[in-house]
Amino acid sequence: QVQLVESGGGLVQPGGSLRLSCAASGFTLDYYAIGWFRQAPGKEREGVSCISSSDGSTYYADSVKGRFTISRDNAKNTVYLQMNSLKPEDTAVYYCAADCVGYPQSYWGQGTQVTVSS
């Protein structure tokens, strides 16, 4: 079965850190760019970060640049999103997808909740 599974979300205080994981099963992540997206209540989904399949180049939204780091471990078939200096406005459900645009027909995970609150 082809699927992406996110994990690592939770409740954290402002200024804290979390590391999200996006693990693939049923296919090899090596050949795909992997994107992280988030959707907060009442807001549209937005792209957060992406990592290419070819040279490992990365993209970050301005809102997370300098705080979030995306990486991939092809041996573990997993992509990570290290999130530091978290802010309340980072609160959202975070999804990973097997592309950087967020096409509906791509492979998507089920999402993991990140809540930043004191």
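Which side chain meets K65 in a salt bridge? That of D62, with N to O at 3.1 Å. The legends below treat a predicted model, in which local features need pLDDT of at least 70, side-chain atom pairs count only at pLDDT 80 or more, and totals for chains, interfaces and linings use all residues. Residues are numbered from 1 along each chain as its sequence is written, and side-chain values use heavy atoms, with hydrogens and water left out.

**Close-up 1. K65 and D62 form a salt bridge.** A salt bridge here is a side-chain nitrogen of Lys or Arg within 4 Å of a carboxyl oxygen of Asp or Glu. By this rule the structure has 4 salt bridges. D62 counts as exposed because its relative accessible area is 67%. The classes are buried (under 20% relative accessible area), exposed (over 50%) and partly exposed (in between), with a 1.4 Å probe and protein chains only.

**Close-up 2. R38 forms salt bridges with E46 and D90.** The closest N and O atoms of R38 and E46 are 2.6 Å apart. For R38 and D90 the figure is 2.9 Å. R38 lies in strand β4, and D90 in the loop between β8 (78-83) and β9, so the pair ties together parts 52 residues apart in sequence. Strands (E, at least two residues) and helices (H or I, at least four) are DSSP runs, numbered from the N terminus. R38 is buried, with a relative accessible area of 5%. D90 is buried too. E46 is partly exposed, at 34%. Through shared partners, salt bridges join R38, E46, R67 and D90 into one network.

**Close-up 3. R72 is buried yet has no salt bridge.** R72 sits in strand β7 (residues 68-73). D30 is the nearest side chain of opposite charge, 5.7 Å away. For charge, Lys and Arg count as positive and Asp and Glu as negative; His and the chain ends are not counted. The R72 side chain reaches the backbone oxygen of L29 at 2.6 Å. Its polar contact with the side chain of N74 is 3.2 Å. A polar contact is a pair of N or O atoms within 3.5 Å; within protein, one must be able to donate a hydrogen and the other to accept it, and residues adjacent in sequence count only if both atoms are side-chain atoms. Leaving aside residues up to four places away in sequence, R72 touches residues including Y32, I51 and V79 (contact: heavy atoms within 4.5 Å).

**Close-up 4. F27, Y32 and Y107 form one aromatic cluster.** The structure holds 5 aromatic pairs. Rings of Phe, Tyr and Trp (its six-membered ring) pair if their centres lie within 6.5 Å; planes under 30 degrees apart are stacked, over 60 edge-to-face, the rest tilted. F27 and Y32 are edge-to-face, 5.2 Å centre to centre and 80° between the planes. F27 and Y107 are tilted, at 4.6 Å and 40°. This pair links F27, in the loop between β3 (18-25) and β4 (34-39), to Y107, in the loop between β9 (92-97) and β10 (112-116), 80 residues apart. F27 is buried at 11% relative accessibility. Y32 is partly exposed at 28%, and Y107 is partly exposed at 32%.

**Close-up 5. R19 lies over the face of Y80, and R45 over the ring of F37.** R19 is 4.1 Å from the ring centre of Y80. The charged end of R45 is 5.8 Å from the centre of the F37 ring. The rule: NZ of Lys or CZ of Arg within 6 Å of the ring centre and within 35 degrees of the ring normal.
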